[in-house]
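Subject: Handing over a structure, with notes

Dear colleague,

I am passing on to you the structure shown below, and my notes on it follow. Please read them with the structure open beside you.

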Amino acid sequence: GLAFANNFGCDKLVLFDVIHATDLMHSASDGTVSLCRPESLRHEAIHLLYWASLGACFFLWRRCAPVGWLCLYTVFFVAWLCPFLSPLGPLDWGGRAFGPTGLRPWQEPNGEATASKAVTPYRCYPYFHALTLLADREGRRRALANVSLASALKRQPILYVFGEDKNAHWHTEAALDALRLTEGCSVVSVKGAGHWVYKQAPGPCFDAVERFILG
């Protein structure tokens with residue numbers, strides 16, 4: 001959404017649950033990276049582990065597919081044993097380790113409440129790509145400029161809706177403050193919802209979008 005807004009612009013922009021995946025990539029426009037901020041140290045650690053684990057799955061899969069799949073199953077098995085290590089919440093995991101619904105690669109996803117497709121090593125590419133930017137100063141600068149919230153706020157009003165029931169959020173308090181202080185923008189937090197807030201709480205999401213779009 002931010003990339004489209006910064007490159008093409010729109011009348012109004014609605015974002016669900018993600019502004020910036022983590023402060024790891026929400027850094028200064030000159031390309032410098034701050035791995036941790038005191039206000040969100042726990043969130044930083046969770047997101048860094050999450051990105052690195054899934055990025056490693058894609059990296060290994062490209063070199064040896066069975067090893068990549070083994071890595072992915074291991075990551076999700078550890079996340080099941082230690083759910084506090086994942087940024088997602090209980091609603092996002094489908095509520096149980098085994099059975100027909102859930103986000104884990106050995107389950108059939110519950111499209112009504114979580115992801116519509118199963119997680120595979122191939123789908124872990126965005127995390128691998130993001131981590132490679134840590135070693136590419138110019139690429140990192142371009143990527144950060146492309147998803148700059150500050151730039152997007154100058155072009156159109158933004159509504160941000162997110163679920164509260166997660167271990168770590170995909171935004172920073174600074175980003176929420178910037179939205180709240182910008183005329184025409186709004187932030188809506190939804191209790192009883194996680195990452196897929198628009199599926200888990202469609203009513204509050206629809207009401208928020210309707211108010212924002214129709215004014």
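**Around Gly163**

Leaving aside residues up to four places away in sequence, Gly163 is in contact with Asp17, His169, Val190, Ala193, Gly194 and Val197, where contact means heavy atoms within 4.5 Å. Before going further, please note that this is a predicted model, in which local features need pLDDT of at least 70 and side-chain atom pairs count only at pLDDT 80 or more, while totals for chains, interfaces and linings use all residues. Residues are numbered from 1 along each chain as its sequence is written, and side-chain values use heavy atoms, with hydrogens and water left out.

Gly163 itself is found in strand S2, helices (H or I, at least four residues) and strands (E, at least two) being DSSP runs numbered from the N terminus. With a relative accessibility of 0%, Gly163 counts as buried; the term buried stands for under 20% relative accessible area, exposed for over 50%, and partly exposed for what lies in between (1.4 Å probe, protein chains only). From Gly163 to Ala201 there are 38 residues in sequence, and the C-alpha atoms of the two are 8.6 Å apart in space.

**The chain as a whole**

The secondary structure comes to ten helices and three strands, and from the N terminus on the elements follow the order α-β-α-α-α-α-α-α-β-α-β-α-α. The chain has 215 residues, of which 41% count as buried. Among the contacts with a separation of 6 or more, 69% are between residues 24 or more positions apart. The accessible surface comes to about 11,200 Å², and 61% of this belongs to carbon and sulfur atoms; such areas come from the Shrake-Rupley method with a 1.4 Å probe, and for residues only the protein chains shown count as cover.

**The sheet and its crossover**

S2 and S3 run parallel and are joined by five bridges, and the bridge partner of Leu159 in S3 is Ser186. The chain passes from S2 through H8 to S3 in a β-α-β crossover that is right-handed, a term used if, with the strands pointing away from the viewer, the path from the first strand over the helix to the second runs clockwise.

**Salt bridges**

How many salt bridges does a search of the whole structure find? The search finds two, a salt bridge being a side-chain nitrogen of Lys or Arg within 4 Å of a carboxyl oxygen of Asp or Glu.

One of them joins the side chains of Asp17 and Lys166, at 2.7 Å from N to O. This pair links distant parts of the chain, 149 residues apart, with Asp17 in the loop between strand S1 (13-16) and helix H2 (41-63), and Lys166 in the loop between strand S2 (158-163) and helix H8 (173-180). Asp17 is buried because its relative accessibility is 0%, and Lys166, at 10%, counts as buried too. Asp17 also has a positive phi of about 70° although it is not a glycine, whereas most residues other than glycine have a negative phi.

Asp177 and Arg180 form a salt bridge as well, with their closest N and O atoms 3.7 Å apart. These two lie three residues apart in helix H8, so about one helical turn separates them. Asp177 is partly exposed at 39% relative accessibility, and Arg180 is partly exposed at 49%.

**A loop residue, Leu85**

Leu85 is found in the loop between helix H3 (65-81) and helix H4 (90-93), and is partly exposed, with a relative accessible area of 29%. Residues up to four places away in sequence not counted, Leu85 touches Ile46, Leu49 and Val78. Leu85 and Leu49 are 36 residues apart in sequence, and 7.8 Å separates their C-alpha atoms in space.

Methods
Pairing = 2+ DSSP bridges.
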